[in-house]
Amino acid sequence: MPTNRVHCKTEYDTLKKVIVCSPKYMTIKNAINETQKLFKDENIDVDIAKEQHERFVQVLKENEIDVIELPPEEKFHEQVFTRDIGYCIGEQLFATTMGQRVRAGEVEVLMKELNKRDLPYTLFDELSLEGGDVIIDGEKIWVGISDRTTIEAIRALQDQLPTYKITPIPIAERILHLDCAFNIIGPETAIIFPEAFGNTEYSLLSQNYHLIEITKNEELTLGTNVLSIGQKKVISMPQNKQVNQAMSKMGYQIIEVDFSEIIKSGGSFRCCSLPLLRG
């Protein structure tokens with residue numbers, strides 16, 4: 001298999017290559033989402049965050065996943081959330097345009113690393129469409145309309161990918177990205193926080209998937225933001241007991257990793273991983 005191949009068809013096929021970044025410079029300076037506002041005074045203990053992230057990376061490597069680590073830069077406090085700066089649909093990797101100017105330079109770091117490794121990508125420069133809003137399932141692509149992703153950008157993506165069915169999904173204003181309220185973990189199974197969606201959107205998603213609903217408490221601890229690594233294995237926080245039990249009852253193997261420090265900035269395992277190769 002060529003080492004410069006990219007390919008992702010779903011959120012749940014076996015993960016083989018992924019991009020991450022250490023939370024070495026993680027901090028809450030100017031709160032840019034609702035979660036950060038809650039923890040602005042407490043802020044982030046970087047040493048704990050680094051330990052938790054290192055354990056996450058160790059679990060990925062233990063499962064024979066090739067992990068590419070971006071070099072953290074002091075000026076980028078959200079750089080740990082590599083999902084937002086790109087997304088892979090089929091055999092096309094997009095480097096995206098960020099909805100928050102403070103994060104724009106992170107995409108340049110990504111492109112530099114991709115160039116160094118001769119990994120193909122396309123710069124999607126429509127304002128703006130972040131990877132946390134993009135959830136893929138074969139020919140079906142669900143894209144959240146959020147504070148970070150515009151309907152105009154979604155339409156432009158559909159123009160670039162005419163063979164896919166891209167469905168815009170409006171989400172509640174306080175929800176950062178679609179994957180903070182909805183995530184597909186199997187061919188017919190997804191996790192959802194119902195309060196993030198209107199009746200029409202919820203009905204549409206329920207027609208396509210068996211929905212595991214999470215509570216308000218587990219929405220605050222990002223219960224939907226798990227990472228499926230294939231073969232029904234899912235990385236999730238031990239604190240999210242109800243959703244973990246629900247997934248276990250459906251035959252999923254839950255790999256528990258404490259991410260309690262990192263989620264203070266508004267993202268969890270899916271947010272902290274940019275898959276390049278699944279299959």
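Modeller: A residue counts as buried when its relative accessible area is under 20%. The model before us is predicted, and in it both glutamate 130 and arginine 148 are buried.

Colleague: How do the side chains of glutamate 130 and arginine 148 meet?

Modeller: They form a salt bridge, with 3.4 Å from N to O. Glutamate 130 lies in the loop between strand 5 (122-123) and strand 6 (134-137), whereas arginine 148 lies in the loop between strand 7 (140-145) and helix 4 (151-160). The two residues are 18 apart in the chain.

Colleague: How many salt bridges does a search of the whole structure find?

Modeller: The search finds 14. One of them joins the side chains of arginine 270 and glutamate 11 at 2.9 Å, N to O. This pair links distant parts of the chain, 259 residues apart: glutamate 11 sits in the segment before strand 1, and arginine 270 in the loop between strand 14 (253-256) and strand 15. Arginine 270 and glutamate 11 are buried.

Colleague: Where do glutamate 219 and lysine 216 stand in relation to each other in helix 6?

Modeller: They are 3 residues apart in helix 6 (residues 216-220), and therefore separated by about one helical turn. Glutamate 219 is buried, because its relative accessible area is 8%; lysine 216, at 35%, counts as partly exposed.

Colleague: How should I read the strands of a sheet?

Modeller: Strands of a sheet pair through backbone hydrogen bonds, either parallel or antiparallel. Here an open sheet of 3 strands has the order 2-1-15, with mixed pairing. Its edge strands are strand 2 (66-70) and strand 15 (274-278), each pairing on one side only. Strand 1 (residues 15-21) pairs with strand 15 in the antiparallel sense over 4 bridges, and lysine 17 stands opposite leucine 277 in strand 15.

Colleague: Which strands of the sheet does helix 2 touch?

Modeller: Helix 2 (residues 46-62) touches strand 1 and strand 2, and its direction makes about 165° with that of strand 1. Helix 3 (residues 104-116) also packs on the sheet, touching strand 1, strand 2 and strand 15.

Colleague: What should I look for in the cysteines?

Modeller: A disulfide is a covalent bond between the sulfur atoms of two cysteines. This structure holds 0 disulfides. For cysteine 21, the nearest cysteine sulfur is that of cysteine 272, 9.5 Å away. Cysteine 21 is buried, since its relative accessible area is 0%.

Conventions. Residues are numbered from 1 along each chain as its sequence is written. This is a predicted model: local features need pLDDT of at least 70, side-chain atom pairs count only at pLDDT 80 or more; totals for chains, interfaces and linings use all residues. Side-chain values use heavy atoms; hydrogens and water are left out. Two strands pair if DSSP finds at least two bridges between them. Contact means heavy atoms within 4.5 Å. Axes are lines fitted to C-alpha atoms, for helices over the stretch in contact, and angles run from 0 to 180 degrees between N-to-C directions. A disulfide is a pair of cysteine sulfur atoms within 2.5 Å. Buried means under 20% relative accessible area, exposed over 50%, partly exposed in between (1.4 Å probe, protein chains only). A salt bridge is a side-chain nitrogen of Lys or Arg within 4 Å of a carboxyl oxygen of Asp or Glu.
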